[in-house]
Amino acid sequence: MGLGFGLLSAQLRPGETDWTRAYDETVHLAVEAERLGFTSVWTTEHHFVDDGYMPSLLVVGAALAQATSRIELGTGVVLAPMHHPLRLAEDAATVQLLSHGRLALGLGLGWSEVEYEGLGADARRRGVAMDEILRILPQAWSGEPFTHRGAVFDLPTVGVRPRPSAPIPVLVGGSAEPAIRRAARLADGIFANAPLERFVEQVRWVLDECDHIGRDPASFRFIHYSVLLPGASQQEALARYRDALWAMQWKYSDMEASATRPLPPPSPPPFDRPDEELVKGRATYAGPPDGLVEALLSIRKRAGVPVEFVARSHFPLLEYGAQVELMQQLAEGVAPHV
């Protein structure tokens, strides 16, 4: 089934203030992912972070569509309740046309109050908003006039154009049971990074909801993404990528505080715990390629469904050459076996 790659985030490195390198490398890495045989490449969204964590996934998706020709272009994920659904429909349709049908639109709720407040959205109604967005998008992409009256969105009768040339698969990211069951009712799949036992539980929720509504689960995509770190051993892989992995993990705890911080972005604090704590309780796997393959195949076996995999192995702290080397190791040692 192949292996996808991401999550591209176009973040500055500590001390930088110009995003030109970060966005140029984002495009170059997507081209490399296609050249190396990855089946998909994924972007990821946040807002107001001091290092510029990518806020405009579909704008970047349009650039990636023109720079590549075969690879699936996934958003992992657009924070849907922060976007107007008709503009989201228009932008996604445009990327679908520019890519000749290669977009997979992953949507999520988000969690940051700073983001919701800054973009004028109501975090308290985000679940209801997502439910409405999932109902609005298929109608919008029909190209025909429609009307929507909901608790969050009150839309006039309009036809949204352009109409995409091919159906756009919609995936839902998240971990809570309501989000997963909502995906089973209204979307085409899930995009999840839960640890093994939690992911197996999510699959059960999907299958139960499909049974309840009479949906064939074969029509549903199960996509699991995890950090994959290749090396001669777990110890060696963690030692090599410790700083980059820690920087990625730490930034999530720093995001809201960084929204009002002046540039340039700072370095993360030193990681002063055993390296094994970087992977404990997370969907993170480090070690020889055959061990990474075994871990992924175990997820698929336990889930009992045809799980697709994405390597969340893009690290903003890595220099470009080291990032491409990591990608090549995964492409050669892991991708052919999953």
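Visitor: Where is Ala10 found?

Guide: In this predicted model, Ala10 is found in the loop between S1 and H1. Its phi is near 50 degrees, a positive value in a residue other than glycine.

Visitor: Why is Ala10 called buried?

Guide: The relative accessible area of Ala10 is 3%. Buried means under 20%, so Ala10 is buried.

Visitor: What makes Phe48 partly exposed?

Guide: Phe48 has a relative accessible area of 37%.

Visitor: How many aromatic pairs does a search of the whole structure find?

Guide: The search finds seven aromatic pairs. One of them is formed by Phe5 and Phe38, 5.5 Å centre to centre, with 50 degrees between the planes.

Visitor: Why is the pair of Phe5 and Phe38 called tilted?

Guide: Planes under 30 degrees apart count as stacked and those over 60 as edge-to-face, the rest being tilted. The angle here is 50 degrees, so the pair of Phe5 and Phe38 is tilted. Both residues, Phe5 and Phe38, are buried.

Visitor: What makes the pair of Trp42 and Phe191 stacked?

Guide: The ring planes of Trp42 and Phe191 stand at 15 degrees, with the centres 4.3 Å apart. Stacked requires under 30 degrees, so this pair is stacked. The pair links distant parts of the chain, Trp42 in strand S2 and Phe191 in strand S9 (residues 189-192), 149 residues apart.

Notes: Residues numbered from 1 in each chain as written. Predicted model: local features only at pLDDT ≥ 70, side-chain atom pairs only at ≥ 80, totals over all residues. Heavy atoms only, no water. Phe/Tyr/Trp six-rings, centres within 6.5 Å; stacked < 30°, edge-to-face > 60°. Buried < 20%, exposed > 50% of the residue type's maximum accessible area, 1.4 Å probe, protein only. Helix = DSSP H or I, 4+ residues; strand = E, 2+ residues; numbered from the N terminus.
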